[in-house]
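Reader: I would like to learn how to read a few features of a model. Please start with the general idea each time, then show me the case.

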Amino acid sequence: MSTKIGDLLLKEKLISSDQLNQSLEHQKKFGGKLGSILVELNFITEDDITSVLSRQYGVPAINLDYFEVDPDVVKLIPLETAQKYQVLPLSRVGSTLTIATTDPSNVFAMDDIKFMTGFNIEPVIASEGAIVRAIEKYYGTPHSMELKKVYDELSIEQKKGKDEFDLELEEEEEEMDVDELQRSSEEAPIIRLVNLILLDAIKRDSSDIHIEPYEKEFRVRYRVDGILYNVMTPPLKLKDALTSRVKIMAKLDIAEKRLPQDGRIKITTSVEGKKKEIDFRVSTLPTIFGEKIVLRILDRANLMLDLTKLGMEPSSLTRFEDVIRKPYGMVLVTGPTGSGKTNTLYSSLSQLNKPDTNIMTAEDPVEFNLFGINQVQIHETVGLTFAASLRSFLRQDPNIILVGEIRDFETAEIAIKAALTGHLVLSTLHTNDAPSTINRLLNMGIEPFLVANSLLLICAQRLVRRICKNCKTEDKVPKKTLVDIGFSPEEAKELVIYKGTGCDTCSNTGYKGRMGLFEIMPISDEIQELILIGASARELRRKAIEEGMISLRQSGLIKIRDGVTTIEEVLRETVKD
């Protein structure tokens, strides 16, 4: 059909002779179907091809990206047949099976499917790309095929003899045979399954892996760009073997199932031909149906140490950089867990890291090793707390001190005194925005004059997902909605809003990567005075905005205006001023 499709498109004046010749040359060199090549070279769209074929054969066209197929109908045609003939079963009515195909003139395929299923075949036209995507969606990705192989191997091995993985729920945890758990976790298929989970998470740019046991299900989820996605449900019988394998890799006690444990896995792998060292921070937690495991992926390659690329507005960035270069005082970065505070602090330290500067950090945990910086891992069980570390730091001749988190009055008091005695102190705090950070410190018991005199700047931040550049398209949004979220009526009239439609690059989410929303609040003389008289967070906010502070919501509106994120993302992470 290759030449035929070329002639048809030429006849309809959808492509030129030159474009057809270029595509045929490309086909000779690299192979592939002509229709896909024309789309790949941006000479034509998939919809154009399906429209032409629909008219040529008198067969309806369908856009599979907007069509949901019943899983029971999918089972009527095996994966191998669907891939061989590039078809997808769509629906069955009585004795008629409707299938999507790229080539309704392929009588051999139609006869084969009719013979195999016993149904009359009704074809509809769909693009090759859409069918490939739909086959992956309904039959599974190459990754899930690999998982199926692993499951099959495990099933075969269990049928040979004793079922090593089928541990009864009623059995007392203490009575489990630890030696048997060790052996079962070292079976080749279990090792392959765990390796597959770790490597697949890395390839998908995940930040966390959740391995979760429930009463009747065992599931694995990945957090990608801040959102959790279900990726697989291994058989429940693998629960203990898989959990033990991860615990062995993290050097944890596999016999201890009643207490939480923390460990670390370090692996070297090859991604796109490059060798990478990746750390996994492992946390286990006993739940009523077994141990839940969360692995935080610490990939140094994903650590953004350039402040200019984090997403700060130019005016906010200038304010932030001016303050962190001061010789003493305190800078606080605030926000919920997973909002990128550590990344902002590490980026600041990388700018300040010079041979003539002594930088010391107290962290729990130390996420990344930074050359030239003295990093201390907090161990509260042996008495090495943030407060104890800070006291020791002050005897180590530091220029800059980073405190991973201010959790209590003692740590806050020592950090503030260090800031007042000639040290630059960077730290984090869990608050909703920059102004409320002041009230949080006062509520901890810190005197207002200490807060006013030590604080230089507060940076509140959130992370929002970026629109995928590959499938970015204009979005129609009512002007009233734009005004309701904070845009002026004049802006709303001219604003162009974007969204991602979903593609292979972004796993059909419409988003790829994340960026920060920042609220930078320098402590000016006027704000110092407000702190000393006990002003509320609302009054502090009003004064900061008067002085040019861009709020989290305003930062989000700027990102929407620039076409890099969506309204939904900004509404999810910010509140209206």
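**Reading burial, contacts and rings**

Author: Helix α12 (residues 239–249) is mostly covered, with 10 of its 11 residues buried. Buried means under 20% relative accessible area, exposed over 50%, and partly exposed in between (1.4 Å probe, protein chains only). Helices are DSSP runs (H or I, at least four residues), as are strands (E, at least two), numbered from the N terminus. This is a predicted model: local features need pLDDT of at least 70, side-chain atom pairs count only at pLDDT 80 or more, and totals for chains, interfaces and linings use all residues. Residues are numbered from 1 along each chain as its sequence is written, and side-chain values use heavy atoms, leaving out hydrogens and water.

Reader: Which residues of α12 are buried?

Author: Among them are Lys239, Asp240, Leu242, Arg245 and Met249. Just after α12, Lys251 takes a positive phi of about 60°.

Reader: How do I read a contact list? What does Ser454 touch?

Author: Contact means heavy atoms within 4.5 Å. Ser454 touches Gly329, Met330, Ile416, Ala419 and Leu420, leaving aside residues up to four places away in sequence. Ser454 sits in helix α18 (residues 448–454). Its relative accessibility is 1%, so Ser454 counts as buried.

Reader: Which backbone oxygen does the side chain of Ser454 reach?

Author: That of Leu450, at 2.7 Å.

Reader: How many aromatic pairs does a search of the whole structure find?

Author: Rings of Phe, Tyr and Trp (its six-membered ring) pair if their centres lie within 6.5 Å; planes under 30 degrees apart count as stacked, over 60 as edge-to-face and the rest as tilted. The search of the whole structure finds 1 aromatic pair. Tyr346 and Phe368 form it, edge-to-face, at 6.3 Å centre to centre with 75° between the planes. Tyr346 lies in helix α14 (residues 341–352) and Phe368 in the loop between β11 (359–363) and β12 (374–377), so the pair ties together parts 22 residues apart in sequence. Both Tyr346 and Phe368 are buried.

Reader: Where is Leu352, and is Leu352 buried or exposed?

Author: Leu352 belongs to helix α14. Leu352 counts as buried because its relative accessibility is 10%. Leu352 touches Ile324, Arg325, Thr357, Ile359, Ile400 and Leu424, not counting residues up to four places away in sequence. Leu352 and Ile324 are 28 residues apart in sequence and 8.1 Å apart in space, C-alpha to C-alpha.

Technical notes:
Polar contact = N/O pair within 3.5 Å; in protein donor to acceptor, adjacent residues only side chain to side chain.
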